[in-house]
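Open the model in your viewer and keep the selection tool ready. The tour goes from the whole chain to the ligand shells.

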Amino acid sequence: MKYDLIVIGGGSGGLTAAAGAASFGAKVALIDKRDTLGGDCLHVGCVPSKALIHQANEFYKGRNAAARHGYELNADFNQVKNAVKTAVATIQHHDSDDRFEQLGVDIFHGTAEFSSSQEVIVNGQKLMGKRFVIAVGSSPLIPDIDGLKDAGFQTNETIFSMPVFPKRLAIIGGGPIGVEMGQAFARLGSEVTIIDRSSNILAKEDEDVRDFITAKLSEELEIRSNTEVEKVSLSGQNKVLHLRSNQKEEMLEADEILLAMGRVPNTKGLKADKAGVDLDDKGHVKVNAYLQTNLKHIFAAGDVIGQYLFTHAAGQEGKTIVQNALFGVKGKISYDHMPWNVYTRPEVFHLGLTEKEAKEQHGNVTIYKKALDEVDRFVTEQETGFVKLIMDQKGKILGAHAVGEGAGDWMQSVVFAKSSGKKLRSLSGMVYPYPNRAAGIQSAADLYWREKLFDGGLKKWAARYIKWFR
Ligand SMILES: Cc1cc2nc3c(=O)[nH]c(=O)nc-3n(C[C@H](O)[C@H](O)[C@H](O)COP(=O)(O)OP(=O)(O)OC[C@H]3O[C@@H](n4cnc5c(N)ncnc54)[C@H](O)[C@@H]3O)c2cc1C
Ligand SMILES: NC(=O)c1ccc[n+]([C@@H]2O[C@H](COP(=O)([O-])OP(=O)(O)OC[C@H]3O[C@@H](n4cnc5c(N)ncnc54)[C@H](O)[C@@H]3O)[C@@H](O)[C@H]2O)c1
């Protein structure tokens, strides 16, 4: 039998492609090397990390409240891990074999490898396909640091089931994984140090956002930027990180090391060469705007293409592939309106261009920035942060950024406005129920009218008109 579509990888990208294709009546095979579907996001990524963050924030609040009444609380790490497991198990139902089998998908658990451009092998069985989707995801980058392997370390694949709670946690890498896990462990009671070789953590964020969140996180943990880990050694049970920053050498002792230095694509065992699929020098599958590889019938989605390493990006790519692979529609993937959130407290929201990128690409841009401690809801909740909207001279939204409690949720209307081509003023004209957090968007967007009304010629014209009007 020849499948219409063979999907390799049952994570965010692969599941979306498989479910979409099966719903249209295609004969689909889905292969995943894990025993359960769901991929990294469900098992060792988004879901356990957000569950851990929730546990940590709950504990942190309780601990601070108890401290105000003279009590000291310690976190029970086993309870935290159980809550994380429960969250994963609950969501697993949604990504169960049963659900996909009911959609008509044939599921194979085992490692897939290409034997030709028309065929893959899984558990010794050959599967023939008309079209293929490579959605095998990525793995944590393990650096070649002297002594690291002997000293031992954690990655996102082990940290959620780590047996002992680390009193001192050193995190190498200050990207989203490093800062989210760093703050969560700090809130559970670890002494956390984030080490990053670049000059800033969260390097992809707008400069104002980076400065704000760096200052906030620094209240709870230590950040060492411009720092390299040259070597790791053991001193008894302690892991000793030999650091170098600005020609200065220092040592840092920790109970555990978490690696959060980026990802490598899972293409090693795939034998893509047997199919003739081109990879880039880092092992990512190379695709065009239609998500086709150099072979028109083989598509790729998700972390393995190395574009935007997010669940929602993989899902969007999976959807695009369904229409292109099954119906021959030439739908291009677009990342123009791809938002992301970093789930620290306060949360970071990112959409479109940063101020620096906007200036480089568009020259003259207008920026409206509103501090959240001037927005009533945030005042009542004693929260801070800001909203920053970046637009071109015609009012087109180029970028939107926010740091604030729940920003990832309440900034969503800006994604709608930007992706439907609405101008910034549309965000000002909506009605916001008082006192919701999204009013932060309105306050920032209102600055547009303030400028027009109070600083421009309109005010003089309006004054003359009002005098004249009877
Ligand atoms: C700690 C952490 C937190 C994260 N938090 C977020 C978040 O909050 N929001 C967000 O949007 N993104 C988050 N991400 C990123 C997100 O998890 C990934 O972008 C997403 O999982 C990518 O989906 P994918 O389909 O490309 O790969 P995956 O979900 O990793 O799926 C790939 C699947 O392919 C299988 N596979 C690999 N090789 C083979 C093979 N040869 N044969 C058969 N099967 C194979 C694997 O077993 C896996 O199940 C996080 C990542 C991490 C590590
Ligand atoms: N909330 C979310 O959506 C979320 C959460 C977690 C992860 N993710 C996804 O997972 C991906 C991987 O996350 P990540 O944080 O591992 O990677 P990343 O690539 O985003 O960040 C890695 C960090 O490690 C630093 N680094 C690299 N090599 C180093 C070295 N030798 N010494 C010191 N520092 C070094 C880099 O400067 C960078 O700041 C992200 O790109 C993101 O897309 C998303």
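This is a predicted model: local features need pLDDT of at least 70, side-chain atom pairs count only at pLDDT 80 or more; totals for chains, interfaces and linings use all residues.

Start with everything selected. The radius of gyration, taken over C-alpha atoms, is 25 Å. Residues are numbered from 1 along each chain as its sequence is written, with chains lettered from A and ligands numbered from 1 in written order.

Switch to cartoon. The protein has 17 helices and 21 strands (DSSP runs numbered from the N terminus: H or I of at least four residues, E of at least two). The C-alpha trace spans about 85 × 60 × 45 Å along its principal axes.

Next, select ligand 1. Around it are 37 residues (C-beta atom, placed from the backbone, within 6 Å). Gly9, Gly11, Gly39, Gly137 and Gly302 come nearest. Now highlight α1 (12-23), β2 (28-32), α2 (39-44), α3 (46-68) and α10 (311-327): each supplies at least two shell residues.

Move to ligand 2. Its shell holds 26 residues, and the closest are Gly173, Gly175, Pro176, Gly262 and Leu309. Select α7 (176-188), β11 (228-235) and β17 (340-342); each gives at least two residues. The largest share, four residues, comes from α7.

Definitions and conventions: The radius of gyration is taken over C-alpha atoms; the globule rule is 2.2 Å times the number of residues to the power 0.38.
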